[in-house]
Amino acid sequence: YRSNIREREVVFLSTNDIHATIDAFPRLVTAVNMCRDTVSTLLLDAGDRWTGNAFVDRAEGRLPIIKLMNAAKYSAATLGNHEFDRGPALLQGAIDYADFPIICANMQSEDNRLAQLGTTSRIKTPAGVIIDFVGVVTSFSNGHPDGNASNFEGLTFENPLDTAKRKGEE
């Protein structure tokens with residue numbers, strides 16, 4: 001018996017809580033590119049991209065980190081609590097500027113402020129593998145991620161585990 005199914009490899013590389021550590025990006029990009037030279041590779045981010053670097057914290061729209069992520073060719077990202085530190089307007093600007101989808105399935109906006117934010121992302125690798133990603137952000141008993149409550153006004157957050165499970169079944 002001979003199978004027609006080809007074995008395909010996909011490598012997932014993920015950053016998380018980088019907190020605008022821009023000095024490490026050259027090493028990250030070098031490592032990612034070495035991986036991409038040998039196998040289908042997806043570069044993902046699980047949130048908390050900014051806050052913690054004086055240069056990025058003071059830069060307009062905190063765009064230096066998004067510019068670096070665009071150059072590194074991230075495949076997708078979700079939100080962490082620090083993406084909300086300066087409110088939805090700054091977050092929307094970063095979403096608009098990103099060359100990669102930023103997704104969060106368990107957040108709803110009363111006034112559709114974050115209209116460009118997707119809930120899921122479907123990526124087809126060069127090897128033809130289709131992968132669906134679901135992004136969620138933590139939500140605590142106070143009804144929102146960790147942070148100043150005023151940063152989350154007009155936003156509601158469902159339980160991230162329930163949302164991920166529901167989206168995975170869709």
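In strand β4, I102 is the bridge partner of A77. Strand β3 (residues 76–78) and β4 pair in the parallel sense over two bridges; two strands pair if DSSP finds at least two bridges between them. Helices (H or I, at least four residues) and strands (E, at least two) are DSSP runs, numbered from the N terminus.

This is a predicted model, in which local features need pLDDT of at least 70 and side-chain atom pairs count only at pLDDT 80 or more, while totals for chains, interfaces and linings use all residues. Residues are numbered from 1 along each chain as its sequence is written, and side-chain values use heavy atoms, with hydrogens and water left out.

**The sheet**

- Four strands form an open sheet with parallel pairing, in the order β1-β2-β3-β4.
- The edge strands are β1 (10–15) and β4 (102–103), each of which pairs on one side only.

**Aromatic pairs**

- A pair of aromatic rings is described by the distance of the centres and the angle of the planes.
- Rings of Phe, Tyr and Trp (its six-membered ring) pair if their centres lie within 6.5 Å; planes under 30 degrees apart count as stacked, over 60 as edge-to-face and the rest as tilted.
- By this rule the count is five aromatic pairs.
- One of them is the tilted pair of Y74 and F100, with 5.9 Å from centre to centre and 40° between the planes.
- This pair links distant parts of the chain, 26 residues apart: Y74 is in the loop between α3 (63–71) and β3, and F100 is in the loop between α4 (88–97) and β4.
- Both Y74 and F100 are buried, where buried means under 20% relative accessible area, exposed over 50% and partly exposed in between (1.4 Å probe, protein chains only).
- F84 and F152 also form a tilted pair, at 5.1 Å centre to centre and with 50° between the planes.
- F84 lies in the loop between β3 and α4 and F152 in the loop between β7 (130–134) and β8 (155–157), so this pair ties together parts that are 68 residues apart in sequence.
- F84 and F152 are both buried.
- Ring pairs link F84, F152 and F157 into a cluster.

**Helix α3**

- The buried residues of α3 are L63, P64, I65, I66, M69 and N70.
- These buried residues pack against α1 (25–36), β2 (40–45), α2 (54–58) and α4, where contact means heavy atoms within 4.5 Å.
- A71 also lies in helix α3, but A71 is exposed, with a relative accessible area of 59%.
- The C-alpha atoms of A71 and E169 are separated by 33 Å, and the two residues are 98 residues apart along the chain.
- Just after α3, K73 takes a positive phi of about 60°.

**Cysteines**

- A disulfide is a covalent bond between the sulfur atoms of two cysteines.
- With a disulfide taken as a pair of cysteine sulfur atoms within 2.5 Å, the count comes to zero.
- C35 counts as buried at 18% relative accessibility, and C104 counts as buried at 1%.

**N142**

- N142 is placed in the loop between β7 and β8 and counts as partly exposed at 47% relative accessibility.
- The side chain of N142 reaches the backbone nitrogen of H144 at 3.1 Å.
- N142 and I18 are 25 Å apart in space, C-alpha to C-alpha, and 124 residues apart in sequence.

Notes. A polar contact is a pair of N or O atoms within 3.5 Å; within protein, one must be able to donate a hydrogen and the other to accept it, and residues adjacent in sequence count only if both atoms are side-chain atoms.
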